[in-house]
Amino acid sequence: MEQFAHISVSDTKAKIEHGGVKIVDIRDDASYQSAHIENSTHLTNGTLNQFVSDNDFDTPVVVVCYHGHSSQQAAQFLIHQGFEEVYSMDGGFEEWRKVQPFVSDSRGS
């Protein structure tokens with residue numbers, strides 16, 4: 001894969017259920033803390049180097065942002081870092097939260 005691919009919420013859910021996929025959430029700290037996909041990694045400028053060094057490049061990665069726009073740039077960046085299978089989730093977390101369960105703190109819905 002020389003470029004990231006788009007993936008739907010339902011296909012992301014299927015990959016999670018199948019196992020062996022990393023979900024990375026690039027939203028701001030408060031949004032991530034308020035609500036996120038279970039077992040996702042909060043990927044920030046401060047955690048990026050650790051994520052790259054801790055994960056195998058052949059592990060599929062799905063990048064999640066708010067609406068599926070910013071995740072495209074982040075997904076392409078991960079491809080350039082050497083990850084072989086990277087996806088940008090269409091609709092972002094806002095689409096996910098409409099149809100799938102998520103982890104939230106007491107302020108989340």
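Predicted model: local features only at pLDDT ≥ 70, side-chain atom pairs only at ≥ 80, totals over all residues.
1. A quick definition before we start: a residue is called buried when its relative accessible area is under 20%, and exposed when that value is over 50%.

2. Let's begin with Thr59. This residue sits in the loop between α3 (48-54) and β5. Is Thr59 buried or exposed? Its relative accessibility is 17%, and the cut-off for buried is under 20%, so Thr59 counts as buried. Look beyond its neighbours within four places in sequence and you'll find Thr59 in contact with Gly20, Lys22, Phe83 and Glu85.

3. Next, follow the chain into β5, which covers residues 61-64. This strand runs parallel to β6, and 3 bridges join the two. If you want a spot to check on screen, Val61 stands opposite Val86 in β6. β5 also pairs with β2 (residues 22-25), again in the parallel sense, over 4 bridges. Here Ile23 has Val62 of β5 as its bridge partner.

4. What else does β2 pair with? The answer is β4 (residues 41-42), joined to β2 by 2 bridges and running parallel.

5. Now for β6, residues 86-89, which is covered on both faces. In a regular strand, side chains alternate between the two faces of the sheet. In β6, Val86 and Ser88 are on one side, Tyr87 and Met89 are on the other, and all of them are buried.

6. The length of α4 checks out: at 1.5 Å a residue, its 12 residues should span 16 Å, and the end C-alpha atoms are 17 Å apart, which agrees.

7. Which residues of α4 are buried? They are Ser71, Ala74, Ala75, Gln76, Leu78 and Ile79.

8. One last thing to look at: just after α4 comes Gly82, with a positive phi of about 120 degrees.

Conventions. Residues numbered from 1 in each chain as written. Heavy atoms only, no water. Buried < 20%, exposed > 50% of the residue type's maximum accessible area, 1.4 Å probe, protein only. Pairing = 2+ DSSP bridges. Contact = heavy atoms within 4.5 Å. Expected span 1.5 Å × (residues − 1).
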